[in-house]
Amino acid sequence: MVQTPGAARAEAKRAEILRKAAAVFGRKGFHKAGMRDIARGLGMAPGALYYYFESKEDLLYSCQMLSLRRLLTSAREIAGSDDPADLKLGRLVRAHLAHILEHLGGGLAHVEFQALPGEQLASVVAHRDEYEAILRGVVVAGIESGVFVDTDVKLVTLTLLGALNWTVVWWKPEGESVDVLAERMTETILGGLKKRRAR
């Protein structure tokens, strides 16, 4: 289906709003941020913002889903590649950090999803569970192929996700780059996972 120029502009505007909204959530927290704050950050009238999103919860949900769709797309591609498990995990770390820190602006929208109402929360949790399952699969494959030590797969995966997601709280764009951060985190994670070769 070919997207019309008008639809493409609207979609681009929505993406811009989501990025700025994520930044506002990051500065003020979801509960303290209001639609007026977000509209002000975009140089829009609040009424214009409501044209694109019905509520603050709608914005948070859209931020989550945009991020999760991108994460799932890259994770499926990486997990389906012929790379060994350690390289896959490194690529997953880089892609995850790029999506939440660069594309979504490092907003707390990625960790405040529990504030969503019932149906939206269920949808987000289902997508997050699917993503977690892909990461678990890479860890399992690494163990089975002898690249990783035999370990608690669930604990390793949840620890990895917790570390990656929490970077939105402390990472600053004026500090080290996402590439450097991804390299350092990958070295730390693989340092505990990879099997040591016998001398």
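The structure discussed here is a predicted model, in which local features need pLDDT of at least 70 and side-chain atom pairs count only at pLDDT 80 or more, while totals for chains, interfaces and linings use all residues. Residues are numbered from 1 along each chain as its sequence is written, and side-chain values use heavy atoms, without hydrogens and water.

The chain contains nine helices and zero strands, where helices are DSSP runs of H or I with at least four residues and strands are runs of E with at least two, numbered from the N terminus. Its C-alpha trace spans about 65 × 40 × 30 Å along the principal axes. Of the 199 residues, 44% are buried, that is, under 20% relative accessible area with a 1.4 Å probe, protein chains only.

Helix 2 (residues 35–42) has M35, D37, I38, A39 and L42 buried. Just after helix 2, G43 adopts a positive phi of about 70 degrees.

Helix 5 (residues 85–103) packs against helix 9 (residues 178–193) at an angle of about 140 degrees, with the axes 9 Å apart; axes are lines fitted to C-alpha atoms over the stretch in contact, and angles run from 0 to 180 degrees between N-to-C directions. The two helices, helix 5 and helix 9, are therefore oblique to each other. On the helix 5 side, the contact (heavy atoms within 4.5 Å) involves residues including L89, V93 and L97, and on the helix 9 side residues including L181, M185 and I189.

Definitions and conventions:
Parallel < 35°, antiparallel > 145°, perpendicular 65-115°, else oblique. Buried < 20%, exposed > 50% of the residue type's maximum accessible area, 1.4 Å probe, protein only.
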